[in-house]
There are 2 protein chains.
Amino acid sequence: MSHEAQKTIARQSLLLRSLPEQHVETLLSHAIWRQYDRGETIFLQEEEAQAIHVVLDGWVKLFRMTPTGSEAVVSVFTRGDSFGEAVALRNVPYPVSAEAVSVCDVMHIPSPILISLMKEDPEIGISILAATFTHLHSLVAQLEQLKAQTGAQRVAEFLLNLCDVEDGECDVALPYDKMLIAGRLGMKPESLSRAFSRLKAVGVKINRNHAQISDISQLRDYAESDPADNWGR
Amino acid sequence: MSHEAQKTIARQSLLLRSLPEQHVETLLSHAIWRQYDRGETIFLQEEEAQAIHVVLDGWVKLFRMTPTGSEAVVSVFTRGDSFGEAVALRNVPYPVSAEAVSVCDVMHIPSPILISLMKEDPEIGISILAATFTHLHSLVAQLEQLKAQTGAQRVAEFLLNLCDVEDGECDVALPYDKMLIAGRLGMKPESLSRAFSRLKAVGVKINRNHAQISDISQLRDYAESDPADNWGR
DNA sequence: CCCGCAACTTGACTATTGTCATGTCATGGG
DNA sequence: CCCATGACATGACAATAGTCAAGTTGCGGG
């Protein structure tokens, strides 16, 4: 992925999308750009937060180590998502660890840069704040709407988000373990399996960690249709 | 409810809870305090936003009028919730109308006051922003956890939030239509009915819009228990 | 006072999902 | 090369919650 394409993604992130051009440039010019390998650690629990992170490509998971030694995944982020804002703005230690699940590009905005920019021009704070409240309310709405969709539909949307193209057919690699996907979509691995089998009917073939979509429009129709309409299957 | 008690609630709201004392005082001294009757309009769709609203007591609903003339409830807010932040910070017209569902106390913080305070001291923006991101992530976590609770458990938590006391027995009035409660808890009215019948087993009696809880601790235990543990009912 | 409407309850049925158990398959260690 | 392990698929079953339909109740208008 080109640096320019990465910048485009970065501009769409919650943090930057409402900022005036000149400030976006300032932040981008101070940002640190890094690629991580699969499994590489981005930061560890208890480390002091010094930056806000924006995922440009690939997948990142936040997790905690449980007393028994197994890990509990807190959340999974992907292209365009930012994380660590609250912690960075407050200069406190991370409550979780972050690791690259796939190869991924992450942009780090040093928090001192953002904070000094905000102190210099309070408008920045106001516009980020307004964008955040909007995001917060849309999130609530989305999550309420999630209950109106079946598991298979959520999986369909997940697949659509993985595709870059708008139409026709598309092959995508599932970026990580199906168990992790299931967690992200709020279902058990078994239910994910069943959701995949259902999607066969709308032209989706799953082979290992690879999905083949024969017709994106058809899949989109399915994802957005009223569950009731699909009952007469 | 005394004015002092109202101030305590206001201080706990998302907007104020992270602010330094002096700024909270400034905002509180400029705030407008009003009581609304059941059914009274707080603001109308298309009106220009001039304040951020904090519910101190009672219930407020946001809704849109559909083309057919019926109303679609967007969300319901209660004690400690604030709304209209994004709209007020951007000075754009309201996309929804707000109405008091029960008698309620609402504090209005004029947005020009907050904005000028933020311009004067950018730290304010930073601390509100940090609090907002924290809230945003906890919301996501909460909503994911919702899927781990049955409808009856969500209703139990809803009732517990209505009680002021910590222990023993308690009578509360249901603040509004059961249809509205069902919407707020993400279930159909029928499911709410059935959830209420289940709660009979843990000492809850429903009569009209009035709930009688015989033992709050028992209800809390039920709400927080693992659904699997209640299967052997 | 009665009627009708709307909210609410209840019952029957169905779809979805979680749980448990089992089976398959690929991978890596011995 | 074989087998143990873990990821994944699948079937059987149970529980939850949505849908549809039919009743019940309370309230306001006529």
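In this predicted model, DNA strand D is surrounded by 18 residues, and the closest of these are Lys178(A), Ser193(A), Arg194(A), Gly151(B) and Ser191(B). Of the atoms of DNA strand D that come within 4 Å of the protein, 72% belong to sugar and phosphate.

| Side chain | Atom of DNA strand D | Distance |
|---|---|---|
| Lys178(A) | phosphate oxygen | 3.0 Å |
| Glu190(B) | base nitrogen | 3.3 Å |
| Arg194(B) | base oxygen | 3.3 Å |

The elements that give two or more residues to this surface are helix H7 (178-184) and helix H8 (189-199) of chain A, together with helix H8 (189-199) of chain B. The largest share, 4 residues, comes from H8(B).

A separate part of chain B concerns strand E7 (residues 97-100), which is covered on both faces, with Ser97(B) and Glu99(B) buried on one side and Ala98(B) and Ala100(B) buried on the other. In a regular strand the side chains alternate between the two faces of the sheet.

E7(B) is joined to strand E2 (residues 41-43) of chain B by 2 bridges in an antiparallel arrangement, and it also pairs in the antiparallel sense with strand E4 (residues 60-65) of chain B, over 4 bridges.

Key. Residues numbered from 1 in each chain as written. Chains lettered and ligands numbered in written order. Predicted model: local features only at pLDDT ≥ 70, side-chain atom pairs only at ≥ 80, totals over all residues. Heavy atoms only, no water. Near = heavy atom within 4 Å. Polar contact = N/O pair within 3.5 Å; in protein donor to acceptor, adjacent residues only side chain to side chain. Buried < 20%, exposed > 50% of the residue type's maximum accessible area, 1.4 Å probe, protein only. Pairing = 2+ DSSP bridges.
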